[in-house]
Amino acid sequence: MTTGKPRVLATRHFPTAVEARLAANFDAVLNPEDRIYDGTALIEAAKGCDAIMCAAGDALNAATVAGLPASVRMIATFSVGYEHVDVAAAAKRGIIVSNTPDVLTDATADIAMLCLLGAARRAHEGIDMLRTHSWTGWTPTQLMGVHVTGKRLGILGMGRIGQALAERARAFRMQIHYSNRSRLPADLERGAVFHAEPDAMLPHCDFLSINAPMTAATRKWVNAERIAKLPKGAIVVNTARGGVVDDEALIAALKGGHLAAAGIDVFDGEPRIHQGYYGLTNAFLLPHMGSATVETRNAMGFKALDNLEAFLLRKQAPPDLVKAS
Ligand code: DGY
């Protein structure tokens, strides 16, 4: 039965309030079992749809986008990162793409700070000690970690999330260094030290936080050569995209002792992460939880819907249009 409303395929099971609005305003094809569509299944499921509401990790690569039915005019991703959507391939097909910037800045910066602190203070070793009933009591030398206060934090990618992390780190009296495509104005920089050349920042990082998007230029940017430029005992934090890190190199540096620890929320090829991470006691690992608060996930969904409604219902440009680079 046709409702006369534009048909939107939801590739994932989204929060209840988001799906309720999707179903109220569109002919929604929901995915209550949250089954993961590969490219072929996605093309099949999109038959007769005007738009796709997708999420991080969906296989909207060039081949999938090329195979989408002609009815599809828009892809609205429930994420700020959009490396999973081939925007250039979409543009070729006349399909527009939108994302959800701004609304997940604070939640993601919180998780970056959690990864930083968790790695520095050996949180998961302490948790394991308790949960495995192996804590025999306080000792003067137990689980001594790395002090955070006053240390230098280098932020690669000083966009919204990088700036929100800097704001949090200042409360820990950390000294902020950053590298970004362009230098921030003084009111946003707030005394942080700018490094035009990202490699030049590395020797100044007691902590290095990756907050840059995944692009051809940042793929495996944190490699063995760059890790060697970090001071011995540095800590690497990644809450951006796993692909920015060369896993082999990071694991080798964590095993070899050049790095004291790492705090990681995102992984290359997740959820099938590099097996080497599992055995590392000095890696504080989370399963891509940066935006996982009720408030943030609702806000991401509503933003994706604002974009879909603007384009499909009001024939306007979506507010968060992603441009093919
Ligand atoms: C994003 O929006 O890019 C996040 O990684 C999803 O939490």
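1. In which helix is the place of D199? In this predicted model, D199 belongs to helix α9, which covers residues 198–201.

2. The relative accessible area of D199 is 16%. Because buried means under 20%, D199 is classed as buried.

3. Leaving aside residues up to four places away in sequence, D199 touches W221, R226 and K229. With one of these residues, R226, the side chain of D199 also forms a polar contact of 3.1 Å.

4. Turning to the aromatic residues, a search of the whole structure returns three aromatic pairs. One of them is formed by F14 and F78, with 4.8 Å from centre to centre and 50° between the planes, a tilted arrangement. This pair links distant parts of the chain, 64 residues apart: F14 lies in the loop between β1 (7–10) and α1 (16–25), while F78 is in strand β4 (residues 74–78). Both F14 and F78 are buried.

5. A further pair consists of F267 and Y277, whose ring centres are 5.5 Å apart. The planes of F267 and Y277 stand at 75°, so the pair is edge-to-face. F267 and Y277 are ten residues apart, and each is placed in the loop between β11 (259–264) and β12 (283–285).

6. Are F267 and Y277 buried or exposed? F267 has a relative accessible area of 8% and is therefore buried. Y277, at 1% relative accessibility, likewise counts as buried.

Technical notes:
Residues numbered from 1 in each chain as written. Predicted model: local features only at pLDDT ≥ 70, side-chain atom pairs only at ≥ 80, totals over all residues. Heavy atoms only, no water. Helix = DSSP H or I, 4+ residues; strand = E, 2+ residues; numbered from the N terminus. Buried < 20%, exposed > 50% of the residue type's maximum accessible area, 1.4 Å probe, protein only. Polar contact = N/O pair within 3.5 Å; in protein donor to acceptor, adjacent residues only side chain to side chain. Contact = heavy atoms within 4.5 Å. Phe/Tyr/Trp six-rings, centres within 6.5 Å; stacked < 30°, edge-to-face > 60°.
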